[in-house]
Amino acid sequence: MTSPSEHLHLRAIVLRSYDYLDRDRFIDILSRERGLISLRCRQVRGRQAGLQAITSVFTYAAFDIFSSRDRYSLDSAELIYPFKHLKTDLASLSAATHISEMVREVLREGVDEGASAEAMALFEEVLYAYNALDQKTADPLVLALAFSFRCLKIIGMGLQVSGTASEEKLFFSISDQRFYRSPAEASDSGRRFSPHEKREIPSAFYLPMSVRRIFEHLDRSTTSKAYRFSLRDQSRELFVFLILSILDERFDKPFKTIRELQQIDRLRANLRPGSSPKNP
């Protein structure tokens with residue numbers, strides 16, 4: 001059990017930050033040692049500009065924390081990395097926000113005996129994903145959905161993709177989230193209605209080898225290599241659609257930020273020279 005009071009030193013990522021009263025702020029941080037905790041930062045706004053910046057969202061810092069009866073308050077903090085470039089691009093910022101929402105959805109806050117194995121794994125995933133967004137080495141929409149795929153795997157809700165790249169033909173069923181060797185096996189009622197796409201969609205999809213290889217890459221790769229891939233044109237569109245469909249099926253709540261990021265992605269695609277307009 002956690003002692004009545006203790007001092008902690010944690011390297012953590014700020015996943016959410018919101019102001020409270022005149023000068024205080026609450027932040028949700030993710031660390032290897034304690035997982036996800038909510039932390040009150042007193043008097044950090046106004047006079048303490050340094051702490052105000054360090055406690056802003058999507059910042060990696062070392063936090064000295066006082067804990068008492070499962071309540072946490074900030075004593076001091078030292079910046080490690082600000083991810084400042086991530087915050088200047090709307091698509092990257094939206095991708096980072098979705099990642100934060102995913103983590104806060106699947107992790108339980110305030111584990112007494114330290115972080116769970118899932119929290120420790122997700123800490124590494126977030127760190128690498130945010131770094132890729134900050135360095136602009138990844139497609140924000142694809143990265144956010146790749147993180148979602150990896151997140152589901154870490155918490156035991158992932159797809160069974162082992163060996164799928166070796167199949168001659170493979171189809172994916174939206175309804176039961178499984179792979180089949182024929183469209184007849186994968187289809188159920190033929191078509192279903194997507195509330196987000198606002199149209200009927202097929203219940204099963206043929207998976208080209210490019211998408212299957214990405215699924216296996218995401219399933220097998222170490223964290224440091226997981227986000228080093230790219231998708232083009234129709235393979236990219238199918239990957240985006242399938243991961244969004246998986247999120248819709250596996251969570252009761254809608255992840256609104258990823259839908260907003262999809263809209264940003266479509267608008268940017270329409271603005272590229274020589275592009276043909278896509279559905280809004």
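How many salt bridges does a search of the whole structure find? I ran it and got 12, counting a salt bridge as a side-chain nitrogen of Lys or Arg within 4 Å of a carboxyl oxygen of Asp or Glu.

**Ground rules**

I am working on a predicted model, where local features need pLDDT of at least 70 and side-chain atom pairs count only at pLDDT 80 or more, while totals for chains, interfaces and linings use all residues. Residues are numbered from 1 along each chain as its sequence is written, and side-chain values use heavy atoms, with hydrogens and water left out. My helices (H or I, at least four residues) and strands (E, at least two) are DSSP runs, numbered from the N terminus.

**Entry: the barrel**

I started with the strands. Strands of a sheet pair through backbone hydrogen bonds, either parallel or antiparallel. I count two strands as paired if DSSP finds at least two bridges between them. Five strands close into a barrel, and I read the order as β1-β2-β3-β5-β4, with mixed pairing. From one strand to the next the twist averages 50°. For angles, axes are lines fitted to C-alpha atoms (for helices over the stretch in contact), and the values run from 0 to 180 degrees between N-to-C directions.

I then checked β1 (residues 5–20) against β4 (residues 60–68): they pair in the antiparallel sense over nine bridges. In β4, S67 is the residue opposite E6.

Which helices lie across these strands? Helix α2 (residues 90–106) lies across β1, β2 (24–31) and β3 (35–41), at about 125° to β1. Helix α3 (residues 117–134) lies across β1, β2, β3, β4 and β5 (71–81), at about 50° to β1. Contact here means heavy atoms within 4.5 Å.

**Entry: helix α3**

I compared spans next; the expected span of a helix is 1.5 Å times one less than its number of residues. With 18 residues, α3 reaches 26 Å from its first C-alpha to its last, close to the expected 26 Å. I listed its buried residues (buried is under 20% relative accessible area, exposed over 50%, partly exposed in between, with a 1.4 Å probe and protein chains only). Among them are L122, F123, E125, V126 and Y130. After α3 comes K136, with a positive phi near 55°.

E124 meets R32 at 2.5 Å, N to O. That pair links distant parts of the chain, 92 residues apart: E124 in α3 and R32 in the loop between β2 and β3. Both ends are partly exposed, E124 with a relative accessible area of 22% and R32 with 32%.

E125 meets R150 at 2.7 Å, N to O. R150 is in helix α4 and E125 in α3, so this pair ties together parts that are 25 residues apart in sequence. Buried or exposed? Both R150 and E125 are buried.

**Entry: helix α4**

The 15 residues of α4 (residues 140–154) should span 21 Å, and I find the end C-alpha atoms 21 Å apart, which agrees. Of those 15 residues, 13 are buried, so α4 is largely enclosed by the rest of the structure. What caps its N-terminal end? D139 does, with a side-chain oxygen 3.1 Å from the backbone nitrogen of L141. G156 follows α4 and has a positive phi, near 85°.

D139 also forms a salt bridge with R236, closest N and O atoms 2.7 Å apart. I place D139 in the loop between α3 and α4 and R236 in helix α8 (residues 233–250), 97 residues apart. D139 is partly exposed at 29% relative accessible area, whereas R236 is buried at 14%. I also noted a network of salt bridges linking D139, R236 and D265.

Three strands form an open sheet in the order β7-β6-β10, with antiparallel pairing. β7 and β10 are at the edges, each with a single partner strand, so one side of each is left without a neighbour in the sheet. β6 (residues 171–173) and β10 pair over three bridges, and F172 stands opposite F205 in β10. Helix α8 lies across β6 and β10, at about 150° to β10.

Last, I looked at α6 (residues 209–220). Its buried residues include V211, I214, F215 and L218. The buried residues of α6 pack against α4, β7 (178–180), β10 (204–206), α7 (223–226) and α8.

Key: A polar contact is a pair of N or O atoms within 3.5 Å; within protein, one must be able to donate a hydrogen and the other to accept it, and residues adjacent in sequence count only if both atoms are side-chain atoms.
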